[in-house]
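The sequence and the structure are shown first.

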Amino acid sequence: MPGNVSSTTPARNSRFQSRVTGSLVVPWLKMTGVIAIILVALAAPMMTSDYILTFLLQLFMMLALAQSWNLISGMTGYVSFGHTAFFGVGAYTGALILTAGLPLTACLTPTSLPWFLSVLFGLAILCGAAVSFLVALPLGILTLRLKGPYFAIAMLGVNEIGRMVATLWVDLTEGGDGITLSPAVLPDISVTYYAMFFLGAAATGLVAWIHHSRFGLELRTIREDEGAAEMIGVNTTRDKVLAFLLSATIPGAVGVVYVMYTSFVDPHSAFTPILNLQMIVIVLLGGTGTIWGPVLGAVIIMGFREFLWAEFPAAHLALLGVLVILVVFYMPRGILGLMDKRKAMPLSHSTNHAPTKEPMP
Amino acid sequence: MESLDILFIVQLLIAGLLAGALYALLACGLNLVFGVMRIINVAHAELMLIGAYFAYVLYTFFGLHPLISLVIVVPVLFGLGQLMQRLFIERVVGQHELSSLILTYGLSIVLMNLGLAVFSADFKSIPVLQGSIVLGEMITIPITRSTAALVAIVITLMVYLFLKKTRLGKAIRATSEHPKVAEICGIDVVRVRMLTFGLATAMAGAAGVMLSTIYSFSPETGADFILKCFAIIIIGGMGSFSGAFAGGILLGVAEALVAGFFTTQWSEMVAYALLVLVLLIRPTGLRGIAYAR
């Protein structure tokens, strides 16, 4: 969990390291806040209705996905437009493993069944993460050893490839019909909720841990100036690929839990680009590369979506697009950046080929 | 049998060249913008669709032939591109890649959803050009495709000559090579960037008009094209005009060959296969400038 408030801006964190560690009261306040949130979230299934539980489940799902995007794109500045692909891969892996487990449930006694199912769920989630990892490995090695926009461009296509494979490989995925799961291998909503909460919390924890580690510092150095990072001895390729792999495993696991919740997966729902848009909006709105930015962004965006935008499904996407543009122009460092009163560091790149313009307003 | 095979291959090559010319027109504009501003315009295919829908509107309401509406669409999109550069893109020039990529991504989402709201997700087309030219006994060339390819090649060539032969074109190339030195030499780089984005938008618009005569299109068609364009500019080399042209033709031909010998579904994957191959063997592309940040 994070140590202090001031570390919300990574660029500054490296510069003012000695100053920010001075404050001792803030970390305790923050710790208490975090523990309170966790306790409330843990108690939620016993106290609230299914509707609120479902909402929270989706909130944690988006939080985990947004944090995973934050891990690669927020921290290193390498934009991923295809993160949904890993979610889709996870969803399909989960659906296939749960389906494979179905025949086995018939030959089990009622006492051993719950044990078998919990092992099956755990296995499915692990496999989802593992398969995502394996898909990400060649992608990362291929595109991240190069500087520049190769990664962003390649990732744009990855999601389309995923959708294409899911549609065309009918023997495995049943094509456009999708896979419907039997209720016999699906967990209770509260189990799914806890799993999703765990993933959201774990993703946030991972980002926090990396943020405060040497690895995180290296990643931010890459974002600010990759050439300089290389010069001072940072193994940029290894760092970028590692960050990408960690970031890809989270959506893989989330996809599995998502399938446990919806009990259905088809190419359209698993590889929807909208999910990626939402991840980007959440992270940008809250604050790119920060620990708490995505949490804040997820609460705001999911709240908005629930109360307002569910009414206009078509306009909702255009509004998200407009929001993205506005945030890039007026709040490049997100809400957390706005709240930070000290003079803002522009996101500009001193070594960029194009001339450096005045910082964004 | 032997001659049949050769005729079949020639037919495929011609089909590939014709499709490739359109890709080339689209990708050249994208690469022009990248060369001058180091910005990947994710909304480039949506600009193309603006052209296509513009031609569609002119055709349905005024009965204008797409080839005539080209005269209207291209200047209007040239202006629109300059406006977009002024209002949006200029603000992220020189910023971190994150800003420009996400900004243009946001623009593409907004444009696509505006398109969905105005024109719905139904596929539209402008079926004005028909028939085909028959060469010999086996080779047939559809008139739609050859007209589109001809227009595409003429426009690409005109832009190329503009870049090579005129003072303004020289200013664009200078800005692309080194913006700071260009500015010191008295080039108004802000204007050059407006001009560049205007040109790229106009090229995309022209590609859209020609596209509307060949394929049916919907606001969501952009995704396929932008992905292919990205593959093309990596294959050809990022920032290189001639590389984008070569890459476009190469992709068109490769797709046609794969579609001819295997299936159409496989041909959708050709762009990615070529992309992976180029990234493995020659990351700077056929004619690319080394990308240094």
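A:Ala202 belongs to helix H9 of chain A, residues 189–212; helices (H or I, at least four residues) and strands (E, at least two) are DSSP runs numbered from the N terminus. With 14 other C-beta atoms within 10 Å, A:Ala202 is partly exposed. A residue is buried if 20 or more other C-beta atoms lie within 10 Å of its own, exposed if 12 or fewer, and partly exposed in between, with C-beta atoms placed from the backbone. The C-alpha atoms of A:Ala202 and A:Ala64 are 7.9 Å apart, although 138 residues separate the two in sequence.

The model is predicted: local features need pLDDT of at least 70, side-chain atom pairs count only at pLDDT 80 or more, and totals for chains, interfaces and linings use all residues. Residues are numbered from 1 along each chain as its sequence is written, while chains are lettered from A and ligands numbered from 1 in the order in which they are written.

A:Met260 is located in helix H12 of chain A, residues 236–262. This residue counts as buried, having 25 C-beta neighbours inside 10 Å. Setting aside residues up to four places away in sequence, A:Met260 touches A:Gly94, A:Phe121, A:Leu186, A:Pro187 and A:Thr192; two residues are in contact if their C-beta atoms, placed from the backbone, lie within 7 Å. A:Ala129, 131 residues from A:Met260 along the chain, has its C-alpha atom 15 Å from that of A:Met260.

The table gives values for each chain.

| Chain B | eleven helices, two strands | 55% of 293 residues | 78% |

Along its sequence, chain B has the pattern α-α-α-α-β-β-α-α-α-α-α-α-α. Its radius of gyration is 19 Å, close to the 19 Å that the globule rule gives for 293 residues, so chain B is as compact as a globular protein of that length. The radius is taken over C-alpha atoms, and the rule is 2.2 Å times the number of residues to the power 0.38. Along the principal axes, the C-alpha atoms of chain B fill a box of roughly 65 × 50 × 35 Å.

The contact between the chains takes 46 residues from chain A and 41 residues from chain B. On the side of chain A that touches chain B, the largest share, ten residues, comes from H16(A). That side divides into 29 nonpolar, 13 polar and four charged residues; Ala, Val, Leu, Ile, Met, Phe, Trp, Tyr, Cys and Pro count as nonpolar, Asp, Glu, Lys and Arg as charged, and the others, Gly among them, as polar.

H7(A) and helix H11 of chain B, residues 264–281, have axes that come within 11 Å and cross at roughly 145°. Axes are lines fitted to C-alpha atoms, for helices over the stretch in contact, and angles run from 0 to 180 degrees between N-to-C directions. Residues including A:Tyr150 and A:Ile161 in H7(A) meet residues of H11(B), among them B:Tyr272 and B:Leu279.

The largest nonpolar core has 201 residues, and B:Ala152 is one of those with the most contacts inside it. Such a core is a set of buried Ala, Val, Leu, Ile, Met, Phe, Trp, Tyr and Cys residues joined through C-beta atoms within 7 Å. Helix H1 of chain B, residues 2–37, gives the largest share of this core, 17 residues.
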